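Hi everyone, thanks for making time today. I'd like to walk you through one structure, so please have it open as we go.

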Amino acid sequence: MQFSSYLSLRKKLLAREINCETVVRGYIERIQKNRDNNVYITVFDKGAIERARVLDKKLEEGHVPGKLFGLPMAIKDNLSVKDAPLTCASGILSQYSAVYNATAVERLLAEDAIFLGKVNMDEFAMGSSNENSSFGPVPNPYDQTRVPGGSSGGSAAAVAGDLAMVALGSDTGGSVRQPAGFCNVVGLKPTYGRISRYGLVAFGSSFDQIGVLSKNSDDAALVLGVIAGKDEADTTSSHHPVSDYAEEMDNVSVKGLKIGVPNEFFPKTLDKGVASVVNARLEELREAGAELVQITLPESDYAIAAYYILTTAEASSNLARFDGARYGYRSKDAEDLAGMYVNSRTEGFGSEVKRRIMLGTYVLSAGYYDTYYKKAQQVRRVFLNRYKEALSKVDVIAGPTSPFPPFGIGDKIDDPLEMYLADVFTVPASIAGMPALSVPAGFDGSGLPVGLQLIGDFFTEGKLLGVAREIQNAQKR
């Protein structure tokens, strides 16, 4: 039995037309049948069924069900779930299990969500295709020969393939939005600080954000409302009040909405199929009463360069802790302490992680810090100012999520620069720390999914979700 949304499932659960155990067993059965797709790294089959029984008993005894009662979820394997493997899809953490729950995980459990397991990803969230995993790639549910996007490819594929109703991912430069676009699901990256990062393994600390992937905006809004908010364990989490996202979504009206359409998001190199689908959705919004405003974001060409300088610098620092000494993989082939460090990291990390560590170390080194890292920080401020200025004139900014549809497995793996360009439209919002989401926009001429990205001002997640709902509803009419 499959459901289009959590709200429809919840009604049946609370009416006792179906119970949590039956729902969970259905998902576990589908997961086991699809193990060859490599979506799940760890399946909590026994634990999920036991939790479902506990929740069913809770309802029978008259206890008030949580906001997410019985919601079957997948968790990206860079989020801590106590006593469960936490691998980050890396050989260096292959034998490691988490010793505590991430704050987001704790808040979901408190509202009666059920975790089905941990899903695949690019190693340490570094990648745009899910091909950098030590567990192997995940195929796109719409075409098994193509990638699902990355680094939250497992999360997106789980939702798109009905192997979870909602999934948590992480977004550093587009790692929730880009796979959401490739897999025809909603992918939300909130404002930086909106969700606590406590329990999220760090890649780029000033960029990393936990995000939500779901089939529709309403489910994403419900989960966001549960996990958002200040956390004393994370000093970067915001005190900004958590909105009633469902109410904010209901208050969104397309009529009179000003949508900024940047010229830079529609270059001549943009895939024609992607451009056609996105423009069709924008035209539908215009016909429904929205105003399309042409805007310009002239520094967009510098986004990828600034992003990779800043995030690799942070990664080189964050990943220094994985040295074989305290936890994780330790090389057996070392004669001294220095050899243990070098060999453990050489053998435990994959090629993309090593590439980014070396690049990050280089841009922070004496003689290059001012030339690269400091300059990139200045560019980051320029991006923030440009986007703030643009969003003072329009309600949201819209454009393609990716410059091309899902590409073939292996097509770009040997060309890192070409792979990095997959994030060219998602990186700017991450640099500025603003909320953004990808909503399904339709399919190109080859039947491949296309995502439309919406970017908003700080803490306007409800508005973005409301516009996304209108886009999805328009396609159903």
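Let's begin at helix α5, residues 153-160, which is mostly covered, with 8 of its 8 residues buried. Buried here means under 20% relative accessible area, exposed means over 50%, and partly exposed lies in between, using a 1.4 Å probe and protein chains only. The buried residues include Gly 153, Ser 155 and Val 159. What do they pack against? The partners are β1, β2, β3, β4, α6 (177-183) and β6. Just after α5, Asp 162 takes a positive phi of about 55 degrees.

A word on names and origins. Helices (H or I, at least four residues) and strands (E, at least two) are DSSP runs, numbered from the N terminus. This is a predicted model, in which local features need pLDDT of at least 70 and side-chain atom pairs count only at pLDDT 80 or more, while totals for chains, interfaces and linings use all residues. Residues are numbered from 1 along each chain as its sequence is written, and side-chain values use heavy atoms, with hydrogens and water left out.

Now to the annotated positions. UniProt, in an unreviewed entry, places the feature "active site" at Lys 76, Ser 151 and Ser 175. UniProt positions are given in the numbering used here, feature names are shortened, and annotations may be inferred rather than shown by experiment. The three positions span 100 residues in sequence, yet no two of their C-alpha atoms are more than 11.2 Å apart, so they gather at one spot.

Take Lys 76, which lies in strand β2 (residues 72-76). Is it buried or exposed? Lys 76 is buried, with a relative accessible area of 0%. Setting aside neighbours within four places in sequence, Lys 76 is in contact with a list of residues, among them Lys 118, Met 121, Ser 151, Ser 155, Gly 169 and Ser 175. Contact means heavy atoms within 4.5 Å.

Ser 151 sits in the loop between β3 (114-119) and α5. Ser 151 also counts as buried, at 0% relative accessibility. Not counting residues up to four places away in sequence, Ser 151 touches Lys 76 and Ser 175, and its other contacts include Asn 120, Asp 122, Asn 130 and Ser 170.

Next, the sheet. How many strands does it have? It is an open sheet of 11 strands with mixed pairing, in the order β1-β3-β2-β4-β6-β5-β10-β11-β9-β7-β8. Two strands pair if DSSP finds at least two bridges between them. The edge strands are β1 (40-43) and β8 (291-295), each pairing on one side only. From one strand to the next, the twist averages 30 degrees.

Let me pick out a few pairs. Strand β4 (residues 166-171) and strand β6 (residues 209-214) pair in the antiparallel sense over 6 bridges, and Asp 171 stands opposite Gln 209 in β6. Further along, β7 and β9 run parallel and are joined by 2 bridges, with Ile 397 in β9 as the bridge partner of Gly 260. On to β9 and β11, which pair in the antiparallel sense over 4 bridges; there, Leu 454 in β11 is the bridge partner of Ala 398. As for β9 itself, 5 of its 5 residues are buried, so it is largely enclosed by the rest of the structure.

Helix α9 (residues 272-287) lies across β7 (258-262), β8, β9 (396-400), β10 (436-443) and β11 (449-455), running at about 50 degrees to β11. Axes are lines fitted to C-alpha atoms, for helices over the stretch in contact, and angles run from 0 to 180 degrees between N-to-C directions.

The axes of α10 (residues 303-318) and α12 (residues 351-363) come within 7 Å and cross at roughly 100 degrees. That makes α10 roughly perpendicular to α12; under 35 degrees counts as roughly parallel, over 145 as roughly antiparallel, 65 to 115 as roughly perpendicular and the rest as oblique. The contact involves residues including Tyr 308 and Ile 309 of α10 and Arg 356 and Leu 359 of α12.
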